[in-house]
Amino acid sequence: MQLPQPPRLRMRVQVLLFTAVRLVVNISTRMIYPFLNTFANGLGVDLAAISLAVTARSFTGALSPFITPIADKRGRKLSMLLGLGLFTLGSGLMAIWPSYTTFFISVNLSFLGMYVYVPTMQSYLGDHVHDSRRGLALALVEWGWAFSFILGMPLIGLVMDRYGWQAPFPILAAAGLLSIFLIAWLIPNVLPPASENSSFWGNLRQVLQSPNARASLLVSLLLLAANEVINLVFGAWLEQSFGFKLAALGAASALIGISEMGGEISGGVFSDRMGRKKAVIIGMALIVVVSAALPFIGRSQFGAIAGLFLFYLAFEFADIAIISIMNGLIPEARATLMGANVAAMSLGRMLGNLIAPFLFAVGFWLNSVAAIVLTLLALLALTGIKEKRGI
């Protein structure tokens, strides 16, 4: 069942706003990776300590299913504002008291806030956008994720280079406050279908009892773990292999963001037209091929950047397709399922974060092997999904 369509122009404005807010919250999430060593040096801790904070924030994201059902009961707007409030609080704490303890708390609050906001926003789009265009709408909003690398990382690199490693946090806190104001002003608080009869445990039970939902959540977990074993260490790999510094890491991150944008929009369009399950399979196959090639083509700067470009393009292509599948599986508990997806993604990130440094200590080639194995397991889990269309 679809809610009444908002006016066409208004929906376009909302999609643009969602994309901009996604850009803000993802800059905070993603800046840790290319500047891992910079934050470690600024805080006076080693790489393992920073990795611990990143691992802990992945676990924090697993709390999302216990918060996002608010969106199925009280409306999407309230849940989006709650997520942005947590994000802004996390950034603000680090702006006021920069220390490792505060950093640990800050990244966890900001990550949880992002993972409350994002599935609720995706559920809002699922309520208002028809199935035939849902993949494209979700892909357009996901451009905020890509632009957080294309625009965000070069800017973060320049800001830290000029004002110090702690400089991004007050900027992000201010952007969070602006996002709260704009969402509160521009987004209507329309209650979702069956909101009067839904309950937290009833919605969660629906998700856990659905074979399709369970299979799709397992795919997300494994796919994110495969991404994270590369994602966590690529900055350190480029720095150690080719001596990349702050500006170079920012530029490399921007190029990766361009690849993600291409993967998101192509994944959204192809999943709407050719079938989302087929799109996931194509994306996973490309991940396996590129992961196998990375240790060999990554012996030169051009080969390393080209390989990472293709790796992230393939991942986003597959990821947007699986999100599109999931968005239509249980319409009456859409936000709960999308929140459960966030938990699955967080656990996948946590798994990748836990093993990536140890694999990297042996050699980057082992990270590539792990990405291949995890992607093949995700492909196996995909066979358990019977895709629903027209919902």
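The structure is a prediction, in which local features need pLDDT of at least 70 and side-chain atom pairs count only at pLDDT 80 or more, whereas totals for chains, interfaces and linings use all residues. Residues are numbered from 1 along each chain as its sequence is written, and side-chain values use heavy atoms, with hydrogens and water left out.

Two cavities of 30 Å³ or more were found in a search of the whole structure. A cavity is a set of points, on a 1 Å grid over the protein atoms alone, where a 1.4 Å probe fits but cannot get out; lining residues have an atom within 4 Å of a point. Grid points are joined across faces, edges and corners, and a volume is the space filled by probe spheres set on the points. The largest cavity holds about 150 Å³ of space. Its lining comprises 17 residues, and those nearest the centre are Arg22, Glu142, Asp319, Met345 and Arg349. At least two lining residues of the largest cavity come from each of α6 (100–128), α7 (131–163), α10 (211–231), α14 (301–327) and α15 (334–362). Helices here are DSSP runs (H or I, at least four residues), numbered from the N terminus. Nine nonpolar, three polar and five charged residues make up the lining of the largest cavity. In this classification Ala, Val, Leu, Ile, Met, Phe, Trp, Tyr, Cys and Pro count as nonpolar, Asp, Glu, Lys and Arg as charged, and the others, Gly among them, as polar.

The volume of the second largest cavity is about 30 Å³. Its lining consists of Ser28, Met31, Ile32, Ser91, Ser106, Val107, Ser110 and Phe169. Helix α6 gives the largest share of this lining, three residues. Four of the lining residues of the second largest cavity are nonpolar and four are polar, with no charged residues.

The second largest pocket has a volume of about 210 Å³. A pocket is an open set of points with protein on both sides within 12 Å along at least five of seven lines. Leu23, Val24, Ile27, Leu151, Gly152, Leu155, Ile156, Val159, Pro168, Ile171, Leu172 and Ala175 form the lining of the second largest pocket. Two or more of these residues come from each of α1 (8–30), α7 and α8. The most, five residues, are given by α7. By class, the lining of this pocket has 11 nonpolar residues, one polar and no charged.

Helices α5 (residues 76–96) and α8 (residues 168–186) have axes that come within 8 Å and cross at roughly 160°. Axes are lines fitted to C-alpha atoms, for helices over the stretch in contact, and angles run from 0 to 180 degrees between N-to-C directions. The two helices α5 and α8 are therefore roughly antiparallel (an angle over 145 degrees). Their crossing is left-handed, that is, the near helix is turned anticlockwise from the far one by less than a right angle. The contact (heavy atoms within 4.5 Å) involves residues of α5 including Met80, Leu84, Phe87 and Ser91, and residues of α8 including Phe169, Leu172, Gly176 and Ile180. The residues of this contact divide into 14 nonpolar, six polar and one charged.

Helix α13 (residues 276–297) packs on α14 at an angle of about 160°, the axes being 8 Å apart. This makes α13 roughly antiparallel to α14. The crossing of α13 with α14 is left-handed, and the residues in contact comprise 21 nonpolar, five polar and two charged.

The axes of α10 and α14 come within 11 Å, with a crossing angle of roughly 160°. Helix α10 is thus roughly antiparallel to α14, and this crossing is left-handed. Among the contact residues are Leu217, Ser220, Leu224 and Asn227 of α10 and Phe311, Phe315, Asp319 and Ile322 of α14. The contact of α10 with α14 has 13 nonpolar residues, four polar and one charged.

Methods:
Parallel < 35°, antiparallel > 145°, perpendicular 65-115°, else oblique.
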